[in-house]
Amino acid sequence: MLPKPHRLCTTQEFSRVYQGGRKAAAPHLFLRVLPLDASPNLGQQGGHLPCCRVGFVVSQKVSKRAVIRNQIKRRLRAAMATLIKDLPSHLWIVVNVRPGADQCNYDQFLRELKQLLIQLEVIHGHP
């Protein structure tokens, strides 16, 4: 899965990405990307180089059942874990899930994530 150093955790981190991030949308996902170059001292704790960090938001509009929302987050974390090696280390990413995503499987999430990252010019390749 996605290691803890690669996860966004605090409300302040999510807010910074919402305020200054570039955005792109797909049928089931909405992605925001904030390069740390645009915001000095973000993610630099104790002199360590920042690593790419990702946060996931699955609201009750997607499903009222917590079990379903958690399944979606697990699938997204697994999909992002396969893509994280191709991402630059200076990014913070927030993935919002749109209603209807409860019908998606791992492959659909992986395809949409890759498409959005290419669209935002974070990674290069074919969608």
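A polar contact is a pair of N or O atoms within 3.5 Å; within protein, one must be able to donate a hydrogen and the other to accept it, and residues adjacent in sequence count only if both atoms are side-chain atoms. I applied this definition to Asn-96 and found a polar contact of 3.2 Å between its side chain and that of Tyr-18.

**Basis of the entries**

I worked on a predicted model, in which local features need pLDDT of at least 70, side-chain atom pairs count only at pLDDT 80 or more, and totals for chains, interfaces and linings use all residues. Residues are numbered from 1 along each chain as its sequence is written, and side-chain values use heavy atoms, with hydrogens and water left out.

**Confidence**

I looked up pLDDT, the predictor's confidence in each residue, from 0 to 100. The protein has a mean pLDDT of 88, and 87% of its residues reach 70 or more. Over residues 42–47 the pLDDT is below 50, yet this stretch has 9 contacts in the model beyond near neighbours in sequence; contact means heavy atoms within 4.5 Å.

**Asn-96 and strand E4**

I located Asn-96 in strand E4; helices (H or I, at least four residues) and strands (E, at least two) are DSSP runs, numbered from the N terminus. Is Asn-96 buried or exposed? I recorded Asn-96 as buried, because its relative accessibility is 17%; the cut-offs are under 20% relative accessible area for buried, over 50% for exposed, and partly exposed in between (1.4 Å probe, protein chains only). Leaving out residues up to four places away in sequence, Asn-96 touches Tyr-18, His-28, Leu-29, Phe-30 and Val-57.

**Strand E3**

I noted that 4 of the 5 residues of E3 are buried. E3 pairs with E4 in the parallel sense over 5 bridges; two strands pair if DSSP finds at least two bridges between them. Gly-55 stands opposite Val-94 in E4.

**Helix H1**

I examined residues 11–20, which form helix H1, and found Glu-13, Phe-14 and Val-17 buried. These residues are on the same side of H1, because they cover an arc of only 100 degrees around the axis; the arc is that of the directions from the helix axis to the C-beta atoms. E2, E3 and E4 are among the elements that cover the buried residues of H1. On the face turned away from this buried side I found the exposed residues Thr-11, Gln-12 and Gln-19.

**Nonpolar cores**

I then looked for nonpolar cores, each a set of buried Ala, Val, Leu, Ile, Met, Phe, Trp, Tyr and Cys residues joined through side-chain atoms within 4.5 Å. The largest has 33 residues, and those touching the most other members include Leu-31, Leu-76 and Leu-113. Which element gives the most to this core? It is H2, with 6 residues. Leu-113 is in contact with residues including Leu-29, Ala-79, Met-80 and Val-95, its neighbours within four places in sequence being left aside. Another core, of 7 residues, lies apart from the largest one, and Val-17, Leu-36, Trp-92 and Val-94 are among its members.

I placed Ser-63 in the loop between strand E3 (53–57) and helix H2 (66–83). Ser-63 is buried, with a relative accessible area of 11%. A polar atom of its side chain lies 3.2 Å from the backbone nitrogen of Arg-65. Asn-70 is in helix H2 and is partly exposed, at 35% relative accessible area.
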